[in-house]
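Me: I'd like to learn how to read aromatic contacts and helix packing in a protein model. Could you walk me through it?

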Amino acid sequence: MSAQNQKNELTHSVEEIAKDFGVHENLFQPIRTLSGGETVKLALAKAYLCAPFSRRLTIASPFSWLSRENTHYFQKLFQYYLDCSIPVELLVLDGEDSIEQVDTSNSPQNKLNQAVDFAMVLKNVRILLGSSLNPIQSQDTYAEVDDFNADLMSPCLVVGENGQGKSLIAKVISGAISCYGSTQIDRQNKTGPARLLFQDVITQTLLRSFDAIAAQTDRIGETNSHELYQKILVKYFAYLHRTTTLSAGIEFGSQTEFRSLLEIKAILVAVRLCGQPCALILDEPDWGLNRESAIAFVFAVVDVAHQLGTPVLLISHKPWWFKLAKSIIHVSRTAKEMTEDQNYSFKIKLTLRD
C-alpha cells in the first residue's frame, strides 16, 4: 500500500497489480499474518509497482518460498524489469529451484528399516485470525478446519500451495497458537502436542545465544540436548560423506560467537526432541540451506527422531520429498464463507493422499 506514496509515477493501480499477483484479498491484512509465500508475492507485487522509479532489482532466494505453481509471478516481475531495461540481480542457493525428487537409497528408512506410526485428530477446530488493518473490517475473523482423523506413518509430508494453511495447522497442533476445538497427536500410547521448527528459525531464536537455547532443557532419561545435537550433526556429515567441518565443530562453550544457520537449526531440533514430544514438525526445512545440505539435514533429523520413537511431519511445497514420505497430507483452503453466528475468513481441509 505504501507504493501509493509515489502514485504520481505509478503506471498501474495498487489494486490492479495486487490482483495480478494474487494478493488482492490480503491488502488490508497485517503482514505478520501472511504465509511465507504470500509475503513473497506481496513483495513481488510491490517491486512491480515500484519499477518506474527504481534503478536496480535484487531478489534473494525466491524459490525457497514460492511453490512451483506460483513461480510465474516471479517470472512476470523479472520480465517486466528486463523490458524496462532495469538491471536484475538474482541470489540463489545451489539447487533451490530443483524439481528433482531426492534419492532415498541412503535415506533413514533404508538404513534403519524403522517405521514410526502415529495418529492425528482435529475436531471442531476454529482459529482466530489477526485483525484487519481496515477499521471497517475490524470484526474478528476465523479460519475453520474440517475435522480430520487419520493413522499416519513417519516421515509424513504435508503439502499444499502457498497460503493454504500448512503453517497455520502446524502452529495449532504444536500449541504455538491457541484455537477453539481439539487437536491431538497419538504415538506409542502417548498423547500430546507436537513441537515445531519454524521456517524462519532466526525469528524462533528470540535473539538468544546458541548456549542459551541449548540450556533450555535438562536431561530426560538417558538423552539431553547436547547429545542429540551432536548426533544430528554427526549424521548430517555422514550423509554428505564428509568429516565435521563447521567452525565450532559440535562442541558447546564455543570459542566463537558465530554459529551457522545449520547449527542453529540443529540445536533447536535437539531441544525439542529432548522433551520427547508426540511429533516433531519441520516447516520448510530447506529454508536458508542449499539442496544438498537440506536433504542431509532432513535425513539426519528423521534418523535421530525415529531412534527416539518420535514421528516427523515435513511441511514443504517442494517436490523433493515425495519418495521419502511414508504418508502424505494435502492442505487446501476454500473461499470466504459468512455464517449467521461467525465470520469465517476461510476454511482449511486436510486430505490423506495415497
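Predicted model: local features only at pLDDT ≥ 70, side-chain atom pairs only at ≥ 80, totals over all residues.

Me: How many aromatic pairs does a search of the whole structure find?

Reply: There are twelve aromatic pairs.

Me: And how is a pair of aromatic rings described?

Reply: Take Tyr-142 and Tyr-180, whose ring centres are 6.1 Å apart with the planes at 55°. Planes under 30 degrees apart would count as stacked and over 60 as edge-to-face, so an angle in between is called tilted. The Tyr-142 and Tyr-180 pair is therefore tilted.

Me: Which strands hold Tyr-142 and Tyr-180?

Reply: Tyr-142 belongs to strand β4 (residues 142-145), while Tyr-180 belongs to strand β7 (residues 180-187). The pair therefore ties together parts that are 38 residues apart in sequence. As for accessibility, Tyr-142 counts as buried, at 9% relative accessibility, and Tyr-180 is partly exposed at 42%.

Trp-320 and Trp-321 give another tilted pair, with 5.8 Å from centre to centre and 55° between the planes. Both of these tryptophans, Trp-320 and Trp-321, are buried.

Me: Which residues do ring pairs link into a cluster?

Reply: Phe-21, Tyr-48, Tyr-73, Tyr-80 and Tyr-81. Remember those names for the helices below.

Me: Where does a charged end sit over a ring?

Reply: Look at Arg-333, whose charged end is over the ring of Phe-346, 3.9 Å from its centre. Arg-259 likewise lies over the face of Phe-210, at 3.8 Å from the ring centre.

Me: Now the helices. At what angle do the axes of α2 and α3 cross?

Reply: Helix α2 (residues 36-50) and helix α3 (residues 71-83) cross at roughly 20°, and their axes come within 10 Å. Angles under 35 degrees count as roughly parallel, and α2 and α3 are therefore roughly parallel to each other. The crossing of α2 past α3 is left-handed. Among the contact residues are Tyr-48 of α2 and Tyr-73, Tyr-80 and Tyr-81 of α3, and these tyrosines also belong to the ring cluster.

Me: Is the crossing of α9 past α10 left-handed or right-handed?

Reply: Right-handed. Helix α9 (residues 261-274) packs on helix α10 (residues 291-307) at about 15°, with the axes 11 Å apart. That angle makes α9 roughly parallel to α10. The contact includes Leu-262, Ala-266 and Val-269 from α9 and Phe-297, Val-301 and Val-304 from α10.

Definitions and conventions
Residues numbered from 1 in each chain as written. Heavy atoms only, no water. Phe/Tyr/Trp six-rings, centres within 6.5 Å; stacked < 30°, edge-to-face > 60°. Helix = DSSP H or I, 4+ residues; strand = E, 2+ residues; numbered from the N terminus. Buried < 20%, exposed > 50% of the residue type's maximum accessible area, 1.4 Å probe, protein only. Lys NZ or Arg CZ within 6 Å of the ring centre and 35° of its normal. Axes fitted to C-alpha atoms, helices over the stretch in contact; angles between N-to-C directions. Parallel < 35°, antiparallel > 145°, perpendicular 65-115°, else oblique. Left-handed = near helix turned anticlockwise from the far one by under 90°. Contact = heavy atoms within 4.5 Å.
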